[in-house]
Amino acid sequence: IQRSSEFYVDRNVLNEISLDEVARKRTFSIKPPLKERVKDSLRCSVPKLKRSVLGFLPVLSWLPRYSLRDNALGDLTSGISVGIMHLPMGLAYSLLAGTPPVYGLYTSFYPVLVYIIFGTSKHISMGTFAVTSLMVGTVTQTLAPNSNYMTLNGTNGTAVLDSTALYNDRVQIASSLTVLCGIFQFAMGLLQVGFIATYLSDPLVRGYTTGAGIQVVLSQLSSTFGISTSLYTGPLSQLLIDVCRHLPMTNIGAVVITLVSLVVLITVKELNTCYAKKLPAPIPIELIVVIGTIISYYANLNGLYKVAVVGQIPRGLLAPRNPDISLWGSVAGSAFALAIVGYAISISLGKTFGLKHGYKVDSNQELIALGACNLVGGFFQCHFVTPALSRSLLQETTGGKTQMVGLVSSVFMLIIILEIGTLFQQLPKAVLACIVYVNLKGIFVQFWDIPALWKSNKVDLMVWLVTLVCTILLNLDMGLAVAVAFSIITVIVRSQLPNYYILGRVPGTEIYLDIDAYEEVRLKKIPGVIIFRSSTTMYYTNAELYLDALQKKSGIDTGKLITQKKKREAEEKRQAKTEENKAKKEAKKLVNWAFEKSSEAGFPGDDLKTQKSSTNGDGEMGSSHNKHTLILDLSTASFVDTVTLKTLRNIFKDFKEIGIATYLTGCQGECFIIQADVVCVQLYLDHLTWS
């Protein structure tokens, strides 16, 4: 009702009980009893079995409905484009993982086929990824360092690296680690704990991948300059120190190849970006590996200029191999971190594309799919897989519409493994390093998060920067652990240091705002009423801060006022007792007729007593404050613990002592357990009328 530029709503003030009566609160639960729910979960029926099978094997759901007319051409084009990109990325990222390049080709084949069966995202491209490959490489090079495989040459006494034994052990370590990661992910998916990735906030993941990208760049500097570096895996690990030490031994041929490759790759990538709408498909510049191989072969770069090349790439597939279970104890921590990071990257990409194209990505099924990819891939000597942003974007932009893209790219990779792979043995490693650099562009553009977060949320910026620094200065596992711990600490600190407000109503509306932030609200605040709100849930860590903020914001120090009241009451009692004793003594001295006469005239002490009483009233502290009502807005409270109840009980008691009635508003359903001495009154702020 709008009257004379004032806002009125006429209704009765409702408390918890009366509100339940008006709204007819249910006295029974709409959920079936626990016993019935357990029976229903164990009960088997044909529709339920069908739903379970289709949920566990999504391929049975989308494959029968696959439209050749609508999807085949786009999936074929996209599959070939992604397959072309798999080739150099598989070779390059396998070197990051510390395994021979051919194992990167296997990693781009087996897990992709498995994801077709279990995956729910239509656009992510499963395979090798720089960050996770480097995490695998950290483990393989730690457990199998070069120094353990040096043997003396019997002819001249020099140390020679037994590369065959070295790479056999590293492949075994990488595949065993991958199987353990797959077990972790598959088990978490079955247990429906896909929510665990929510503990890795977006700033944390982006800061971590940016820091890991820098680590990837540092790890590729040895290929760029054609030098060999030692391994640093502990805290403050920096390959840059060793690279600088070996710079005098730089291979000029490798540097020239790097510069030329970077110019070609960056130029064509930028052309693809600028003319994306005009080109039918991006130019597959990754085929520079073919050009690089031809030049390296005919120029004999390895023989004449000592330029490091990929080396032997055997033809054909390998038989499955059991993982070395004895290694699991030493790699369990790294495996769990790798499983979580890989899942966080996968689900973030999957949900981004799903939201863009209007389909749902099941987080728990994605865990199962990712776990199955790594579990099966590990037995076929692949290293850890997760989607790559660059390949996924390529799959989307080239017209890929279903998981069938993975089948096409797998067939392409199978042809390379069986027939063409051996042609790339003379490919310079410097070219692969350049491909790694260029494909990290999507990661390094995340540095633009810094100005954006500075404007929007400085706490998230702190998480981003701390994660970045820890990832660079510490190894990847320790950096992730420190980043997660810091992120949790920021949540705790923010819940302990919330913002507190005294609310007032905006004239002519039902809106209540902070009186300190809005001048008109301060001028028109409700007389005698304090409306107090916290920006977060009150619980045991911030309950005392809540009480302190209430007293500070309201300007009412209940402890001081109660103490003054008690002193005044004690003084009044003492004075009354003194007057009573004095009156008794006077009564003994005077005779009855004198006492009656003095009573008719009025005893002087009565005037003093009456005057004193008129000043103090009924013992309340009217002269100390002019407030009569306190309303605690608990609309931000999501749960209540015993400390909160105790604090509320004390607030009710203390403010009642000084003559202020206390009410609660915004109680969230049944999250409040109302005690006998705490009355929860649902005073809806948008329906209050104060006169």
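Axes here are lines fitted to C-alpha atoms, for helices over the stretch in contact, and angles run from 0 to 180 degrees between N-to-C directions. The model is predicted.

| Helix pair | Residues | Axis angle | Axis separation |
|---|---|---|---|
| α5 and α18 | 68-96 and 404-420 | about 45 degrees | 7 Å |
| α10 and α22 | 202-225 and 458-473 | roughly 30 degrees | within 8 Å |

Take α5 and α18 to begin with. Their axes pack at about 45 degrees. The two helices are therefore oblique to each other. Their crossing is right-handed. On the α5 side, the contact residues are Asp75, Leu76, Ser78, Gly79, Ile80, Val82, Gly83, Ile84, His86 and Leu87. They meet Met404, Val405, Val408, Ser409, Phe412, Met413 and Ile416 of α18. By class, this contact has eleven nonpolar, five polar and one charged residues.

Now α10 and α22. Their axes cross at roughly 30 degrees, which makes α10 roughly parallel to α22, since angles under 35 degrees count as such. This crossing is right-handed. Helix α10 contributes Pro203, Leu204, Arg206, Gly207, Tyr208, Thr210, Gly211, Ala212, Ile214 and Gln215. Helix α22 contributes Asp460, Val463, Trp464, Thr467, Leu468, Thr471 and Ile472. Nine nonpolar, six polar and two charged residues make up the contact of α10 with α22.

**The sheet**

Five strands form an open sheet in the order β6-β5-β7-β8-β9. Pairing is mixed. The edges are β6 (512-514) and β9 (661-665). Each has a single partner strand, so one side of each is left without a neighbour in the sheet. From one strand to the next, the twist averages 35 degrees.

Inside the sheet, β7 (residues 529-534) pairs with β8 (residues 629-633) in the parallel sense, over five bridges. Isoleucine 530 stands opposite leucine 630 in β8. Helix α29 (residues 642-657) lies across β8 and β9. It runs at about 150 degrees to β9.

**Confidence**

The chain averages a pLDDT of 83, and 86% of the residues score at least 70. Confidence is highest in helix α7 (residues 110-118), at a mean of 95. It is lowest in helix α28 (residues 604-616), at a mean of 41. Over residues 602-623 the pLDDT is below 50. Beyond near neighbours in sequence, that stretch has 18 contacts in the model. Residues 671-691 also stay under 50. For them the model has 70 contacts beyond four places in sequence.

Note on methods: Residues are numbered from 1 along each chain as its sequence is written. This is a predicted model: local features need pLDDT of at least 70, side-chain atom pairs count only at pLDDT 80 or more; totals for chains, interfaces and linings use all residues. Side-chain values use heavy atoms; hydrogens and water are left out. Helices (H or I, at least four residues) and strands (E, at least two) are DSSP runs, numbered from the N terminus. Angles under 35 degrees count as roughly parallel, over 145 as roughly antiparallel, 65 to 115 as roughly perpendicular and the rest as oblique. A crossing is left-handed if the near helix is turned anticlockwise from the far one by less than a right angle, and right-handed if clockwise. Contact means heavy atoms within 4.5 Å. Ala, Val, Leu, Ile, Met, Phe, Trp, Tyr, Cys and Pro count as nonpolar, Asp, Glu, Lys and Arg as charged, and the others, Gly among them, as polar. Two strands pair if DSSP finds at least two bridges between them. pLDDT is the predictor's confidence in each residue, from 0 to 100.
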